[in-house]
Structure formats: structure tokens, C-alpha cells
Amino acid sequence: MSFLEIKSVTKHYGAMRALGGVSLNVPAGSRTAIVGPSGSGKTTLLRIIAGFEVPDTGRVAMAGQVLAEGGNAVPAHRRGIGFVPQDGALFPHLNVADNVGFGLARNDPGRQQRIEELMDMVSLDRLMLTRRPHELSGGQQQRVALARALAQRPKLMLLDEPFSALDTGLRAATRKAVAQLLTSAGITAILVTHDQAEALSFADQVAVMRAGLLAQVGPPSELYLRPVDASTAGFLGEAVVLPAQLDGGWAECVLGRVPVNDKLRSGEASIMVRPEQLEWQDVAAAQGVVDADPCCYGTVTDVDYGGPICGLTVHLKGADVDTAPLLVRSHGIEVPAVGATVRISVRGQAHVFAGA
Ligand code: ADP
Ligand code: MG
């Protein structure tokens, strides 16, 4: 059974529909990431789970207890849910110790020890306890906000874009540390982010939100490799979407004859490959290679040198003018020159979108 159950939740702000009927199950001890563009309703959903907002209709239950239904709601402070808001929202006039211990009783004799434990949990030096938030880096402030949320020993932790203010390296390290901390403490977590790489790496379950609705929910690799539509595909990473003719598990398209992950469908369809599924070879090097693999030929029109990974723009030979150039990923050790002719082959299967 799911730990957290969200069933048909709707929420309006005046005439504005923020959530249009969201259902989501979160297993105990798991990590869920909710991704979606700005304004899609991610924060609203978290605030409803936390108890800062009441849904118009629908139901929220945790560990078998109803938290919100039919306009009735358990108050936020009785839910046992930790919340790390988007900007950390530390109290600027309080030092770190008082921020972390904010929810702990002042006269509790174990208060100081608990604050120190929480500092250790989030890997912050105890020497920082007397500092004010403005004397900390962005990453340290987020750790204080996390420690404050952990102080209540929550069963569920909600994180609203907590890493968005951090720069790339620190962001990945902090995310990993937080994920490990939550898992080892047995805390179920929901992370909201607009960063697809962050969602895919953090979560066991990813939910894609669009205009107040969940477009797709599933394991990261499922969403990345088998998105429901082109828009979801594009949200989770770069995608090459092509018209194709299907027949018995194969697609005829500008890339040649490509195997697809749907053996039953036939006729016209839209297929997708990820740029890293496309491999290039210099035609000279490719000479003598039997064209048994699905392949096609093209001209490199642009090279975006990105260090470890470079982006090649390839115009396919024989493609009509409407066909968008192909984006191909390449490692940076050897890249073809602009103007070179390359042979493009496809690794693995292309994904067939449901529908027309
Ligand atoms: P996200 O977190 O995905 O960016 P939000 O949940 O914050 O999205 O917002 C969803 C929609 O609801 C947006 O259009 C936003 O403007 C609107 N909204 C959010 N909070 C309020 C509020 N308190 N009053 C009025 N409209 C709101
Ligand atoms: Mg938000």
C-alpha cells in the first residue's frame, strides 16, 4: 500500500485553476520527483500535502490517515511532514542554532544536543551555530533549512526546488548528500524541481506536471525512454522526433530502417530517439562497413564544442527541406570538421509515441 495517497485533488485561486485533478501514490521510503514548467502547479501540490493550503476537492491521506478531504484538513503542524521551501526561508534575525531549533521546545533540556545532532546530520560545522543566515553560503543556508525541517523527525519530507540557487558542482553534491541522508533516516521524500537531470538522478519515481495535471508518472528510465508524447519527451531531455512508417517492429524514416519498441503497430507514427542513441562515423572510416545496421548519411553543418560532450548538427542527405537537422552527441576527443560527410547509425530502439 502507498504511504502517501493523493486522489483527484483540485485547487483554484479565484478563476485560476492551479490543480485540475491530481492523483499520485508515493510508496514508503521512496523518493519522488515532480518536474514541470514554472506555473504548472508543483508548489501548490506540495503546499496541499504539507497542509498550508486546503484542496477544493479530492483527498490526501498518509499512512492510512486522511489529512484533507471535503474542505476538512489536519493542521500542518500535526502532520509530521517536513517542508524545505523554495528559497530556504530562514529567519534572518535568528542565528543558525535558533533557526534549526525553531520547532523544538525552548525549555527542553535535550534541545542543544538535538540541534548539534541535526548539524552533524546535514554535515554542517557546529562552529556555525552562532552565525546569522547572511553569514552563510547558499548551500549552507539550504542545509540549515533542511536541518530545521528534520528537527521534527518527519515521516515525509517535501523539498521545493531546494538546490536551484546552488551552482552546478555544489548542487549535484548537495543533492546526493540529501538523498542519502533521507534514505538512511527512512524518510519518504518528494522533491519539486524544474531541472530534468536533477529529477532523473534523485528519484525512484518521476511525475511530470503540466498545466495543473500529471502528464506521466513512472520510474526515471521509463519516462526518459518511453515518454507519452513529444512534449514530455522534450521536457526530460533533448529528443529527435521523426515521422515514420511502422511495420512489424521496424520504422522507415530519414534515419533509414530503425528497430522500434512497438512490434504490433503499423502505419504512420511519430517516433523518438535520444541524441546519444545516434552514432557518427567519418565516411572514410566507414568504408568497407556493411550497411547492415540502420544508417544514413549526412553533412556536418555545425559543431558545438562542449568539452566532454559536443553537439553536432547534421543535415541528412536526401532529406527534404522541411526536415529539421539532426542533433548528434559526440565525445570531445575526436570531432568531425564542419562540412564533413558522416555516416549516422542508431543504437538501440526508437520509441513509438502512442496516438497518431
Ligand atoms: P509552480 O510551483 O509549478 O511554478 P505554482 O503551484 O506556484 O506553480 O502555481 C500554479 C498556478 O497557480 C500559477 O499560475 C500561479 O500563478 C497560481 N498561484 C499560485 N499560488 C497562488 C496564490 N496564492 N494566489 C493566486 N494564484 C496563485
Ligand atoms: Mg514553485
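1. Let's start with S266: this residue is exposed, because its relative accessible area of 53% passes the cut-off of over 50%. Please keep in mind that the model you are looking at is predicted.

2. Where does S266 sit? You will find S266 in the loop between β14 (256-259) and β15 (267-273). Setting aside the neighbours within four places in sequence, S266 is in contact with L246 and D247.

3. Now to ligand 1. The residues that surround this ligand are Y13, M16, A18, P37, S38, G39, S40, G41, K42, T43 and T44. Sorted by class, this shell holds six polar, four nonpolar and one charged residues.

4. Which elements supply at least two residues each to the shell around ligand 1? They are β2 (16-26) and α1 (42-50). The largest share belongs to α1, with three residues.

5. T44 has a polar side-chain atom 2.5 Å from an oxygen atom of ligand 1. For T43, an N or O atom of the side chain is 2.8 Å from an oxygen atom of the ligand. K42 places a polar side-chain atom 2.9 Å from a ligand oxygen atom. As for cover, ligand 1 on its own has 560 Å² of accessible area, and the protein covers 60% of that.

Technical notes: Residues numbered from 1 in each chain as written. Chains lettered and ligands numbered in written order. Predicted model: local features only at pLDDT ≥ 70, side-chain atom pairs only at ≥ 80, totals over all residues. Heavy atoms only, no water. Near = heavy atom within 4 Å. Polar contact = N/O pair within 3.5 Å; in protein donor to acceptor, adjacent residues only side chain to side chain. Areas by Shrake-Rupley, 256 points an atom, 1.4 Å probe, with all protein chains shown as cover. Helix = DSSP H or I, 4+ residues; strand = E, 2+ residues; numbered from the N terminus. Nonpolar A, V, L, I, M, F, W, Y, C, P; charged D, E, K, R; others polar. Buried < 20%, exposed > 50% of the residue type's maximum accessible area, 1.4 Å probe, protein only. Contact = heavy atoms within 4.5 Å.
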